[in-house]
Amino acid sequence: MTRGAKPVAQKRSAETRDRILQALERLLREQDFDQLSVSEIASEAGVSVGTVYRRFENKEAFLPQLVERLRERAAAKADAEPFLPGADLHETLSALCLEAW
């Protein structure tokens, strides 16, 4: 399990965790992580602050979960099709990261 994230035993709990992470992703498109509060993330996800803390120990516990989600998306995209034929490694990785985000 990722450090700081609490175990998910039920499907509904996993869905709530995913909603919270999706809300965080939306907010990060507009603000820096340091500027966000747990209250803002909870509001964006449509859950209470207590619900957030039942799934994450603290705000920093979001980061490993978010990075893992982005890594999984990038891996799925890379496996699905060749990416940027003829591009160098830097161009390919940059495009892949942008696509995952």
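Q: Leaving aside neighbours within four places in sequence, with which residues is phenylalanine 62 in contact?
A: Contact means heavy atoms within 4.5 Å. By that criterion, phenylalanine 62 touches Ile20, Leu21, Leu24, Phe33, Ile41, Val52 and Phe56, once neighbours within four places in sequence are set aside. The model is predicted: local features need pLDDT of at least 70, side-chain atom pairs count only at pLDDT 80 or more, and totals for chains, interfaces and linings use all residues. Residues are numbered from 1 along each chain as its sequence is written, and side-chain values use heavy atoms, with hydrogens and water left out.

Q: Is phenylalanine 62 buried or exposed?
A: Buried means under 20% relative accessible area, exposed over 50%, and partly exposed in between (1.4 Å probe, protein chains only). Phenylalanine 62 has a relative accessible area of 0%, so this residue is buried. Its place is in helix α4; helices (H or I, at least four residues) and strands (E, at least two) are DSSP runs, numbered from the N terminus.

Q: How far apart are phenylalanine 62 and leucine 24 in sequence and in space?
A: The two are 38 residues apart in sequence, and their C-alpha atoms are 8.4 Å apart. Leucine 24 is in contact with Phe33, Leu36, Ile41, Phe62 and Leu66, leaving aside its neighbours within four places in sequence.

Q: Which residues have the most contacts inside the largest nonpolar core?
A: In soluble globular proteins, nonpolar side chains tend to be buried together. A nonpolar core is here a set of buried Ala, Val, Leu, Ile, Met, Phe, Trp, Tyr and Cys residues joined through side-chain atoms within 4.5 Å. The largest such core has 18 residues, and Ile20, Leu24, Ile41, Val52, Phe56 and Phe62 have the most contacts inside it. Helices α1 (11-28), α2 (38-45) and α4 (62-80) each supply at least two residues of this core. Its largest share, six residues, comes from α1.

Q: At what angle do α1 and α2 pack?
A: Two packed helices are described by the angle between their axes and the distance between the axes. Axes are lines fitted to C-alpha atoms, for helices over the stretch in contact, and angles run from 0 to 180 degrees between N-to-C directions. The angle for α1 and α2 is about 110°, and their axes are 8 Å apart. These helices are therefore roughly perpendicular to each other (under 35 degrees counts as roughly parallel, over 145 as roughly antiparallel, 65 to 115 as roughly perpendicular and the rest as oblique). From α1, the contact is made by Arg19, Ile20, Ala23, Leu24, Arg26 and Leu27, and from α2 by Glu40, Ile41, Glu44 and Ala45.

Q: Where is glutamate 40 found?
A: Glutamate 40 is found in α2 and, at 31% relative accessibility, counts as partly exposed. Its contacts beyond four places in sequence are Leu27, Gln31 and Gln35.

Q: Where is confidence lowest and where is it highest in the protein chain?
A: Where pLDDT is low, the predicted coordinates should not be read in detail. Confidence is lowest in helix α5 (residues 89-100), at a mean of 69, and highest in α2, at 97. For the protein chain the mean is 82, and 74% of its residues reach 70 or more.

Technical notes:
pLDDT = per-residue confidence, 0-100.
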